[in-house]
Structure formats: structure tokens, C-alpha cells
Amino acid sequence: MRQGQSLVMTPQLQQAIKLLQLSNQELAEFVEAEIERNPLLNKAEENAEDGGREQGEAPARREQLSLDDNSGLGAAREQLDAPGEDVFEPGTGSDAAMPAEGSGPSVQTDWSSATSGGSFNSEEYDFAANLTTDLTLQEHLHNQLNIAGLSAADRLIGARLIDETDEAGYLRAPLEDVAKALGADEANVAAVLAVCQGFEPTGVMARSIPECLALQLKERGRFDPAMEAMLANLDMVAKHDLKALADVCGVDKADLQDMLGELRQLSPKPGSGFSSDTTIAVAPDVFVRELPNGSFGVELNSETLPRVLMDKAYYAEVSALPMRDQEKEFISECAANATWLIKSLDQRARTILKVASEIVRQQDAFFAHGVAHLRPLNLKQVADVIEMHESTVSRVTSNKYMATPRGLFELKYFFSAAIPSTGGGEAHSAEAVRYRIKALIDGETEDDVLSDDQIVEILTGYGIEIARRTVAKYRESLHIPSSVQRRRINRASA
């Protein structure tokens, strides 16, 4: 026999940790699924709001913290870092989390006293917007395929090719794979593709950018050998190496400028004008507002927080009925899961509020003065202040967004590496340094283009210790060409 210690996480604690890293949309879907599974869970209705308040709510509804008042930070002590009551030896149950039989009215988690538009107003309802749907690129192409006059077999091939077309309008699957999957001849698949590439929008179902642009030029009657040579050397176009490009195309400078003008009129993404089924609007999880005293208040977005309640009265009524052991176990499990879900939602909301409030406190200079004043920040700094583990903070900042007076930001945006100071003073945020580099390049003139070495010298004058390769890395992350390419662009536009 051997005696030892082990840490075991209950399913409920695992659920609470899982809820932390879900986005607000994923959380809504999770709660809907739990309501479908659990007969004791109900979605709180708007008209039951006042009644729910009389029956007794979960402690967190809608909270706002001012950075001048830290009392709210210590009031909510989360149990997401493996609390004592959630650690048990294998074989023990979790009946303690189950509400007592007939213990009284429902327990409700009500996140906001504001309605969410549950009432119907015929004057504000837009019938046209709800009766029509935007056409997707695939639907548009399928409609054209149906009237293309192809045989049934060729229509099947065309449908497969359309399904393999992405939202930008490009065919991503190799023809040989399509032919193999359908048991068709590759030449036949290529012939059907040629027909489909004649569909609108022009350039759709191309397999590369040069082919997409070539299809558009052919429709305009402008696909000549010079244009073909230009499309084969698009890397020179990107580098603005006009002299070498003119030699390859066999044209003079004036003709080359005309060709470049025609190229700019083409669309490299022919499918971009159609709706996308995968586009999801981002809703903020917290709001940051400037208060009259100059500080910043942090408030949860109640519209993204699910409002659920457990019907204890129904649980007491069902528990009083004669049941078999299996049925009693099911009802007890439903009650325990309902109680823990409500508690987990409350803990999740409070934890998001604590983390967001500490981020705003640490980055108050950013909100007051802009991105140049963003401080270096890591997960440990926030975790130490709110007395939680780094992994918990990491989960909270995943897929969570903050609406601020300066725009909408993911919480992870405010965490950046530290760039040391030359004088040994306070370090600089990598994001702030990236912003300075962009500002320096934006301020260039045609005759004064800064090299990476010159940018290093200027930043050193600001007290920022940075290497040339780091400047190059930040510049490339901003999609800014090198100094050589920028000079060529200036000469081409002159």
C-alpha cells in the first residue's frame, strides 16, 4: 500500500475553466445546448425580470468599476484556481453542490436590468431586410451553371468545382484531385472549368492571381504578349522595378505606365463583392468609458451575457414524486449541473471584469494619450495583481474584446513585449515602438527616405534600444516595403 496526494478537478471546475476561454458567441451556443439537455434550466425571459429579482438573483448582474476605486476588485474572490472544495479524492460525489430538495424559489442570474429588444415594434421592423438574403458567391455561380447548357455529367463536375472555390473566387483544389474524386477524365474537368471561368464575376475560379488577371484582360481584349509578360513577372511590379519590367515586356516607359494603370483597374479578388456565410460580427465583452473625473470606468456588456435560471420549484415538485434510483440520479445530476452552470457564468463575468479593469489601470496612458504611450505588459503582471494564475488570465483574454473610446481591441492587444531603454529607464512597449516606426515612415518626403539603420539611430535618440533586424521585422509586420522599394515607388509616382 502507498499513501500519496493528488489533485483532482471536478467536472464542474473543468466546466468553469472551459467557459472562461469561450467567446461570447460560443458561450451563447453552449448555454443553449445546456438548456436543451437540462429540464431544470430555463432562459430568463424579459418579462420575468422583476419577478426574478424578488425571488433572489445571483450576486453579479451589471457592475462598473472605476480605476480610482479598488474596492470592487477584492470583493469577488474567484474559485477558478482549483479551490479547496473542488478538490476531492476519486469516488467522492458532488452532492454538496446540489440544492436542497424543496429549498424554495428559483435562483436567477440576471445580468442587466435593461431589456434586449424583446418587444415587437411594427414601425421599426424592417420587413424587406428580413425577407431578403444576400447572395453568396457559390449560389451565384450555381445559378449560372444551371443555365450554361452543360450535360448532367458536366454539371456535376461544375458543381464540384464551384464547391471547391473559396470566398475570394479562387479554385483551390487541383484538377487532378477533382477528376480522381469524381472518376472523370482530367481533360473533361479542364473543359468544364473553362466554361465556368466565363461566369460572372470575370476572373472567378482562377487558380492563381496571374490567371485571374489574365481572364479579366481577355474579356477587355487587352491580353497581348506584353501584358502576358507583365503577369508572369508580378514580383517586379510589387518591387516597382520598372526598368527591368520594361525590358522584359519589351515596351517603353510610357507604355509601361499605361499597362500598370490597366492592371490597377483589375480585381485580384473577384468574389469579394458577395456575402460570406462565415463572417461573424464581433461584439465587445466589456466597455471602457471616460468618467467625468478623468479616470476610466469598465463595464460588462450585459447584452453578451446569457441570463439563465434554475427552476427550484419544479425540482422540488419532481423530487417529491415516486421515482426509481436511476431517475433520482438523473434529477440530482441535472440540479447539480444547473447550479454549477449559474455559478460558473457568474464567476466568468466577474473574472473578465477584474482582468479588463486591471488592463485598463495598467494601460491608462494609452487611453488618455494614444498608442505611443502603450506600456509593455505581460500576463504575470496582471495575474499577480488580481491574485490569479497566468493560465486563467490567458484564458480570459482569448477571444474577448474591449470597446474603448479609441476603438475595438482584443484584450490580448494590450499585452506586448518590452523594448529596453538606452538609459536603463522604463521599458517601451513593442506596439508603441511599431507605431513610432510607422509614424517616421509616414513622415518621409520623396527625397528623404529613411533606411532601417537611420530609423535605429532616430529611435536611439528617443531612448529606445533596438536592433536593425527588429526594426526590419516590425516594418514588415506593418506591410511597409524596404527603403529601396519606397524610393522606386516615389520615382514611379513622380
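**Figure 1. Salt bridges across the whole structure.** A search of the whole of this predicted model turns up 19 salt bridges. Side chains of opposite charge can pair when their charged atoms come close. The close-ups that follow visit a few of these pairs.

**Figure 2. Lys43 and Glu32 join a strand to a helix.** Here the side chains of Lys43 and Glu32 form a salt bridge, with 2.9 Å from N to O. Lys43 belongs to strand β1 (residues 41–43) and Glu32 to helix α2 (residues 24–37), so this pair ties together parts that are 11 residues apart in sequence. Lys43 is partly exposed, at 49% relative accessible area. Glu32 is partly exposed too, with a value of 35%.

**Figure 3. Arg37 and Glu34 pair up within helix α2.** Look for the salt bridge between these two side chains, where N and O are 2.2 Å apart. Arg37 and Glu34 sit 3 residues apart in the helix, which is about one turn.

**Figure 4. Glu164 meets Arg160 in a salt bridge.** The N to O distance between these side chains is 3.2 Å. Glu164 is partly exposed, at 29% relative accessibility. Arg160 is also partly exposed, with a relative accessible area of 29%.

Methods
Residues are numbered from 1 along each chain as its sequence is written. This is a predicted model: local features need pLDDT of at least 70, side-chain atom pairs count only at pLDDT 80 or more; totals for chains, interfaces and linings use all residues. Side-chain values use heavy atoms; hydrogens and water are left out. A salt bridge is a side-chain nitrogen of Lys or Arg within 4 Å of a carboxyl oxygen of Asp or Glu. Helices (H or I, at least four residues) and strands (E, at least two) are DSSP runs, numbered from the N terminus. Buried means under 20% relative accessible area, exposed over 50%, partly exposed in between (1.4 Å probe, protein chains only).
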